[in-house]
Amino acid sequence: MKRAAYRALAGAAIVLVLAAAATLAWQRHGQDDSNVPEPLIAVAASPALVERGAYLARAGNCMACHSARGGVPYAGGRAITTPFGAVFSSNITPDRQTGLGNWSASDFWRALHHGQSRDGRLLYPAFPYTNYTEVSRADSDALHAFLMQLPPAVQPATAHTLRWPFNTQAALTVWRALYFSPGGYEPDTQQTTEWNRGAYLVRGLGHCSACHSTRNALGANNTPLDLAGGLIPMQNWYAPSLTSALEAGVADWSTPDIVALFKTGVSARGSVLGPMAEVVLHSTQHLSDADLGAMAVFLKSLPPVAVRGAPAAAGASASSPVFSAGAKLYEKNCAQCHGEQGQGVPGAYPPLAGNRAVTMASSANLVQVVLNGGYAPATAGNPRPYGMPPFVLVLNDSELAALLTYLRSAWGNRAAEVTPTEVQRMRSENQR
Amino acid sequence: MTGCLRFLLLSLALAAGLAHSAPFENTIAQRTMACTACHGAQGRAGPDGYYPRLAGKPAGYLYNQLLNFRDGRRHYALMTQLVDPLTDAYLMEIATYFSALDLPYPPPAAPAAAPGVLQRGQTLALRGDATLRLPACVACHGEALTGVAPHIPGLLGLPRDYLNAQLGAWRTGQRRAQAPDCMAHIVAQMGSEDIHATTSWLAAQPLPASAASRKPAAALPATKAALPACGSAPSPLGKPP
């Protein structure tokens with residue numbers, strides 16, 4: 001509560017101090033290149049353009065946020081929870097009253113490229129226009145053509161529940177002055193066409209940095225290129241660093257292994273769970289091998305960055321009581337699938353020995369997986385995944401901490417102990 | 001006391017099931033160990049009354065419940081997270097697997113309700129109440145209350161707490177089914193006392209003794225066959241499971 005009040009005060013102070021900046025920024029952003037006159041005669045989009053737009057909508061995973069659970073696809077209404085309140089996604093079907101029915105391709109471009117609505121309102125950056133600003137006008141037009149031919153769904157917007165001052169246009173003006181300027185993807189001429197294609201997808205539509213980077217107190221991540229990992233706000237999953245060999249960096253992976261992970265959710269080097277399972281299920285498995293290969297080439301080339309605040313790995317000694325308690329719990333609950341030596345079963349259960357998801361500094365994902373269990377995504381390439389049972393009702397906080405400490409110390413793994421407090425915090429956060 | 005003992009025995013059985021190191025198999029049973037951890041070995045039901053039996057329930061019914069959790073018509077975060085990344089076809093395969101398992105049922109718990117209450121429950125279950133416009137349970141859930149393939153679940157072999165929780169959730173809108181949600185209309189007509197009476201009587205009934213007669217009926221009687229497919233999505237197989 002105290003923290004919330006502090007945040008509100010800090011926000012208010014920033015609004016006041018930067019009022020001048022706001023005015024300037026307002027003027028700057030008011031001038032954009034989207035007030036292009038529309039052609040007088042609407043030209044029906046070609047099937048090829050629509051198909052291209054459908055593909056790009058997959059690449060951007062638009063449907064995941066713009067659909068409520070069990071609701072009409074693209075009709076919006078999903079709550080995107082943030083530390084500042086909830087933003088509800090909009091209806092992007094072509095309904096004239098409640099959707100994008102009256103939006104021209106230029107209106108759509110303005111939203112994607114400038115983060116502004118048709119009426120000039122500034123959009124909340126929960127819509128990742130800091131990434132989408134790198135999308136080309138041609139791709140924006142294809143996306144627009146695809147959305148315009150969806151069945152129109154009548155679904156009025158749900159009002160956002162953001163706290164003051166974050167619910168004001170003034171706050172957004174300030175935020176944009178600090179953290180956003182409309183851009184575009186500038187190809188790196190030193191690199192291959194393939195590398196540039198991968199960079200364009202990762203930085204732009206893929207909006208990978210929306211999760212795989214740390215956000216500051218005002219919810220901004222550094223740049224679309226910052227992929228150094230971060231805790232996903234409100235979800236309590238850690239999106240690991242794509243630039244660290246200790247986390248999810250792929251510099252030493254083969255390109256086919258990276259493509260397999262994107263395409264099927266599993267690969268010889270690792271598998272996906274949690275929020276990334278959703279990404280593979282709805283987005284990457286539908287992309288062409290050429291595009292996935294390009295993303296792999298780009299990701300492999302990322303310069304290594306040390307993980308922020310990673311403690312020196314310690315691990316429990318094999319003679320400690322917590323190690324032997326964890327070992328007993330492992331034998332009873334885990335060894336049947338993950339093996340006596342944490343070796344796993346290829347294609348079914350991941351190894352735990354030498355697994356970066358087990359040993360990386362943040363224990364968040366490890367705690368989540370053991371508490372709640374989960375399935376890898378059922379993709380065309382791996383349609384019948386094996387499941388991990390939930391242990392939330394089986395193990396208490398101390399038991400779970402001992403078990404995870406054991407996993408992080410056994411079979412050559414060397415990572416810091418997990419405390420019962422960490423487990424307890426995650427358990428209570430999940431119940432909120 | 002017997003309830004306590006049964007709980008202990010089931011807990012032990014469950015613990016033994018988890019600890020038992022069976023070799024890895026490329027089977028649907030292996031793939032669904034995420035389910036049986038709570039719902040009991042082979043989906044025979046968890047020990048505490050809140051994780052219902054899966055074994056032998058009609059495939060279409062189980063499939064629809066998996067969709068309901070995934071699509072927000074039923075609410076239990078653990079279930080939703082588990083089924084979220086799975087496809088319709090895989091969920092149907094999981095449902096079909098559990099529906100084909102035939103396991104013996106434990107005897108029902110002794111009823112705690114007064115004889116008058118059980119009498120009222122029996123009347124509602126077998127004959128309904130015309131003045132309240134309540135159909136009998138047997139009208140849709142099968143003459144033997146063992147369900148009707150492929151979509152209508154049996155009502156026997158379920159703990160009273162579980163039945164109460166489901167009807168209560170239906171009444172408050174926490175549990176929904178695909179339209180037409182027939183059960184929502186029926187529950188809306190039922191008072192708390194009638195719910196209590198019906199669930200008390202149902203939870204006290206034993207299953208038919210023979211394996212054949214405890215299976216869901218193959219079809220509704222001819223007079224009821226024109227009923228809409230209440231609460232059910234079309235099968236991803238293009239034909240009934």
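This is a short tour of a predicted model with chains A and B, to be followed in a viewer.

Start with chain A. Colour it by secondary structure: the chain has 18 helices and 8 strands. Next, colour its 432 residues by burial; 44% of them count as buried. If you draw the contacts within chain A whose separation is 6 or more, 66% of them join residues 24 or more positions apart.

Now colour chain A by domain. The assignment gives domain 1 as residues 45-179, domain 2 as residues 193-300 and domain 3 as residues 321-430. Select domain 1 and domain 3 of chain A and compare their positions: their C-alpha centres are 37 Å apart.

Stay on chain A and select residues 275-282, which form helix α11. Which residues of α11 are buried? They are Met276(A), Ala277(A), Val279(A), Val280(A) and Leu281(A).

Finally, bring chain B into view and turn to where the two chains meet. Here 26 residues of chain A are in contact with 21 residues of chain B. On chain B, select α1 (2-19), α2 (28-31), α3 (33-39) and α5 (77-83), each of which gives at least two residues to the side that touches chain A. Colour that side of chain B by residue class, and 12 residues come up as nonpolar, 6 as polar and 3 as charged.

Methods
Residues are numbered from 1 along each chain as its sequence is written. Chains are lettered from A and ligands numbered from 1 in the order in which they are written. This is a predicted model: local features need pLDDT of at least 70, side-chain atom pairs count only at pLDDT 80 or more; totals for chains, interfaces and linings use all residues. Two residues are in contact if their C-beta atoms, placed from the backbone, lie within 7 Å. Helices (H or I, at least four residues) and strands (E, at least two) are DSSP runs, numbered from the N terminus. Ala, Val, Leu, Ile, Met, Phe, Trp, Tyr, Cys and Pro count as nonpolar, Asp, Glu, Lys and Arg as charged, and the others, Gly among them, as polar. A residue is buried if 20 or more other C-beta atoms lie within 10 Å of its own, exposed if 12 or fewer, and partly exposed in between; C-beta atoms are placed from the backbone. Domain bounds come from an automatic or database domain assignment.
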